[in-house]
Amino acid sequence: MTTKSLSKVFEKKLGPPTFGSYMLAARTMKDMTQKQHADFLKISKSTLCDIEKGRHFVSIELAAQFAKKCGLSEALAVEYAIQDSIRRTGLKLKVEITTTKRAA
């Protein structure tokens, strides 16, 4: 199953994906407590809780850093972070991020 098809199943079952739900899924997959995951990311447990619950939004840069550190797709993390921002504004838009190949 590809990341995109998994993403569609995820959205159908749980609603629109958010960066917070992405981080929660990553933490759950690694069987870590919030405290352990927060320590790993070098943030406070309360900040991680707020991110997971959608009360704290992260920048594109921070989303990419967290994803990279967790071994997750940076493109998907950035997509979710941007989509969170769009959703907050009330705009009915959807963004899709794709990776580019670097020139050799």
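Biologist: Which residues have the most contacts inside the largest nonpolar core?

Modeller: Happy to start there, with the reminder that this is a predicted model. The largest nonpolar core has 19 residues. The elements giving two or more residues to this core are α2 (19-29), α3 (34-41), α4 (45-52), α5 (60-70) and α6 (74-89). Within the core, the residues with the most contacts are F19 and F66.

Biologist: Why do the buried residues of α5 count as lining one face of the helix?

Modeller: The buried residues in α5 are A63, A64, F66, A67 and C70. An α-helix has 3.6 residues a turn, so residues three or four places apart point the same way. On the other side of α5, E61, Q65 and K68 are exposed. Seen down the axis of α5, the buried residues line one face because they fall within an arc of 165°.

Biologist: At what angle do α5 and α6 pack?

Modeller: α5 passes α6 in a right-handed crossing. I60, A63, A64, A67 and K68 of α5 meet E74, A77, V78, A81 and I82 of α6, and by class this contact has eight nonpolar, no polar and two charged residues. The axes lie 8 Å apart, and the packing angle is about 145°.

Biologist: How wide is the arc that the buried residues of α3 cover?

Modeller: In α3, the buried residues are Q34, H37, A38 and L41. They pack against α2, α4 and α5. These residues are on the same side of α3, because the arc they cover around the axis is only 100°.

Biologist: One more: is Q83 buried or exposed?

Modeller: Q83 is found in helix α6. Not counting residues up to four places away in sequence, Q83 touches L93, K94 and V95. The cut-off for buried is under 20% relative accessible area. Q83 has a relative accessibility of 9%, so Q83 counts as buried.

Note on methods
Residues are numbered from 1 along each chain as its sequence is written. This is a predicted model: local features need pLDDT of at least 70, side-chain atom pairs count only at pLDDT 80 or more; totals for chains, interfaces and linings use all residues. Side-chain values use heavy atoms; hydrogens and water are left out. A nonpolar core is a set of buried Ala, Val, Leu, Ile, Met, Phe, Trp, Tyr and Cys residues joined through side-chain atoms within 4.5 Å. Buried means under 20% relative accessible area, exposed over 50%, partly exposed in between (1.4 Å probe, protein chains only). Helices (H or I, at least four residues) and strands (E, at least two) are DSSP runs, numbered from the N terminus. Axes are lines fitted to C-alpha atoms, for helices over the stretch in contact, and angles run from 0 to 180 degrees between N-to-C directions. A crossing is left-handed if the near helix is turned anticlockwise from the far one by less than a right angle, and right-handed if clockwise. Contact means heavy atoms within 4.5 Å. Ala, Val, Leu, Ile, Met, Phe, Trp, Tyr, Cys and Pro count as nonpolar, Asp, Glu, Lys and Arg as charged, and the others, Gly among them, as polar. The arc is that of the directions from the helix axis to the C-beta atoms.
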